[in-house]
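Please look at the sequence and the 3D structure shown here before reading on.

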Amino acid sequence: MSTANQNQRGKRKGKRKGKKSKSQLKQEKASGKKVSQVLSTPEIPAFVVAQQNGDFKTFSKDVHIPNFTMARPGGGSELLLETDVQLTHGRKYGLIGPNGHGKTTLLTQLASYQIPEFPKHLRVLHVKQEMPGDEHSVLDAVLRADEERNMLKTEEANLIALQNSSHEHGSEETHSDRLHEIYERLNQIDAASAPARAAIVLSGLHFSEAMQGMPTNDLSGGWRMRVSLACALFVEPDVLLLDEPTNHLDFPAVEWLTEYLQGYSKTLVIVSHDRTFLNDVCTDIIHIEDQKLKYYKGDYDTFEKVRLEKRKQQKTAFDKQQATIEHNEDFIRRFRANKKLASLAQSRVRLLAGMDRLDDVKDDFKFRFRFPEPGPLKKDVLLSVDDMAFGYYGDDRKTFLFENVNLKLKVGTVVGILGENGAGKSTLINLVLRKLEPVRGKMVLNNSANIGFFAQHATENLDMDASPVEFLKAQFPEAKHQEIYHKLGQFNLTRTCATQTIKLLSGGEKSRVSFAVLTWHHPHLLVMDEPTNHLDLDTIDGLITAIQHYEGGAVLLISHDQHFLSSVCNEFWAIGSNKVVKAFATLSDAKKFSYHKKRSIIVGPRTEQSLEQKLSESLSKIELNGISDEKSNGIIEKKSKKSKKKKAMFAFESEEDVLHLVERAIEQHKTPSQMLRILQSSNPDPDTILIAKALSNRLFTEYFSNSSSEDEIQRWAPLLHHMIPDSHKNNQVIVLFTAQSIWHTSLSNQTNSCTEEALLSIFMRLFELKVISPAAFRQWKDDTSNKARGKSEALKQVSKWLETNC
């Protein structure tokens, strides 16, 4: 018999052997109904599918999406049009732009993998502006953020249930292979220690053990935001998207978050209105302008300077081109009919036809409005507080939030209220608004004064199903439609926005509707609780200007935005830990009084676990292996001693420690201004050249790889002044040799931004900014011992300039 026939016969036998009886099929059908109730296949996250396929091993962690177009969620014109989305792994981006121009929409599309070209192997987590609460505990909410762990645990439970159900009906069906894969993956992602790691993260964000067990819907907006942040810190995604993360956080929490993000090693994109926060965290800025994403290296302050300089250059180039065009057009008009000059006129026609026309600089929209001036008052004292005490549990001193408070608020005063979360800031405002009454003492408000109040969650009072026009008409029935459109227009709400339902507006646009309501009448006292939340930077500038020009009244406000507070306030009321409320003239003094020293960060990446995590894991292993408590205590003691030694090594007292700090800052892509803040207290040794080499190498590498290279040296100047002063002449010479070497290499490699004249531009800029002294330039010129490449070529470029200036 042939092999083929044997195979066919075997197949038929196999079919007959595998055929099931009617009773078996009936039994399995009954079993399947029960199993289907137990088994539910979870939606597998895109990054998990990619990782299971092995994509994460082969693909980069950078994101590059060319020619990206993004439509407006509610319909209408595109928010982004044929622009590039470019995120480099390890960089920290600040995403800025006017309200309603697509910042939150872009984050949402990235987080939900709606963009087909977005790398599916990357794990993305989006911390939104507002986190809705539910019945899940705080700890559960954090654990649920790890989608892969949840999916694996759910699948494990379903397979075990399916297996048990099969056994009950006499089937020997098992899922041991898949269960083995699940257990292996759970072990790889360290799922067993997840509750302990989540608790450590929450502890770092000041959640007590009792709070970790509370349902999230019992928390305030500030604490819910902390839960969202805890989810992000716990999961440690490849791409972390933060939408207004400082909203609702007090100063210590903002400082804590800043310190954590400065050390974050993966890709970070932040939408924030807080300039100080952006300056402290970001290495790059992405600006949404003219439906494009425009990229700038450096923090927010650097972005503003670079963009202003670019606009000046663009304006100069445009004006120059327009003058050329006008001159040539005039020549063509005059001599086109002249036989002798007709050919010249025709050549100029061709010149104009082939000319790439430059765009004029568009004026930035400046959002400006004014608070209406209130009527005159007989007395300039709006609020008087005398020996006031308050507590929610009656006249029991032990439960007082504050006592013996004596304050006065006069016309022309702008007061910022400071205090830790839960200290009583909102309670103090509610006392001013007469929603609460003092337990002791007096709080007297001028009876003739009108009060306008902007609540922390002011947008929650809006009718989301109505348009802004409809909402204002309902609030002020006597108002005419034209008057309403005019009022909304003052807050840059176009007719399109004014007629859209409020739920389709951005957070900032909703806040502007609330400001329109606030300013409709003429209040003598403006009370504002976190007014900058959800506003873009330009709108905050407009609010600052409005408060600065507000006459005839006073302002009482709560805010975590340091730039905003320092720009508008002339007095600060600080709530201390000892139930005292004191008035201060400066923000720094008020902060010292109100806030305890921030808690140190004890959260780290899974690969760099903190001591507490390692001890927790050791305990787990000890329990699993049956080691006695006595032995386990010995192991913990030894690890604690080792950690103390490790801490002692990083005191940054020696030059070697400073160099270590510099190298770490460079690895983390910190901006020069961020490095300066870190190194401000250091005293570099003039005899150590390694720091000069490290900093100058980073500077000139960026110079020749950056399209805005002319601004690079100015960014670095303050840091170089501090680390390599004039007294460190030898180190300044090292900077020049590094510039020479990298210039020569870039020229040889034909780097786009490198020209023969580039070295002269660098030397001139270093001289103008007084980064390098004339003596150092002379020493560089005469030094023949240094073997850095390109010296002879460099001298050809800069010798004449050196003779003239040095």
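## Briefing on the predicted model

Tyr300 and Phe303 both belong to helix 13 (residues 300–335), where they sit three residues apart, about one turn of the helix; helices (H or I, at least four residues) and strands (E, at least two) are DSSP runs, numbered from the N terminus. This is a predicted model, in which local features need pLDDT of at least 70 and side-chain atom pairs count only at pLDDT 80 or more, whereas totals for chains, interfaces and linings use all residues. Residues are numbered from 1 along each chain as its sequence is written, and side-chain values use heavy atoms, with hydrogens and water left out.

**Overall make-up and confidence**

- The protein has 32 helices and 17 strands, and buried residues (under 20% relative accessible area, with exposed meaning over 50% and partly exposed in between, for a 1.4 Å probe and protein chains only) make up 48% of its 806 residues.
- The mean pLDDT, which is the predictor's confidence in each residue from 0 to 100, is 79 for the protein, and 81% of the residues reach 70 or more.
- Over residues 24–42 the pLDDT stays under 50, and the model has 15 contacts (heavy atoms within 4.5 Å) for this stretch beyond four places in sequence.
- Residues 598–653 also have pLDDT below 50, with 58 contacts in the model beyond near neighbours in sequence.
- Where pLDDT is low, the predicted coordinates should not be read in detail.
- Of the contacts between residues at least 6 apart in sequence, 70% join residues at least 24 apart.

- Helix 7 (residues 176–188) has 13 residues and spans 18 Å from its first C-alpha to its last, close to the 18 Å expected at 1.5 Å a residue, where the expected span is 1.5 Å times one less than the number of residues.
- The buried residues of helix 7 are Leu179, Ile182 and Leu186.
- Seen down the axis of helix 7, these buried residues fall within an arc of 60° (taken from the directions from the helix axis to the C-beta atoms), so they line one face of the helix.
- The face turned away from this buried side carries the exposed residues Asp177, Asn187 and Gln188.

**Nonpolar cores**

- A nonpolar core is a set of buried Ala, Val, Leu, Ile, Met, Phe, Trp, Tyr and Cys residues joined through side-chain atoms within 4.5 Å; the largest one has 49 residues, of which Phe207, Leu240, Leu261 and Ile270 touch the most other members.
- Helix 10 (residues 221–235) gives the most to this core, with ten residues.
- A second, separate core has 48 residues, including Ala694, Trp716, Ile772 and Trp801.

**Aromatic pairs**

- A search of the whole structure finds 18 aromatic pairs, meaning rings of Phe, Tyr and Trp (its six-membered ring) whose centres lie within 6.5 Å, with planes under 30 degrees apart counted as stacked, over 60 as edge-to-face and the rest as tilted.
- Tyr300 and Phe303 form a tilted pair, at 5.6 Å centre to centre and 45° between the planes.
- Tyr300 counts as buried at 5% relative accessibility, and Phe303 is buried with a relative accessible area of 5%.
- The rings of Phe476 and Trp520 have centres 4.6 Å apart and planes at 5°, so this pair is stacked.
- Phe737, Phe763, Phe767, Phe777, Trp780 and Trp801 form one aromatic cluster.
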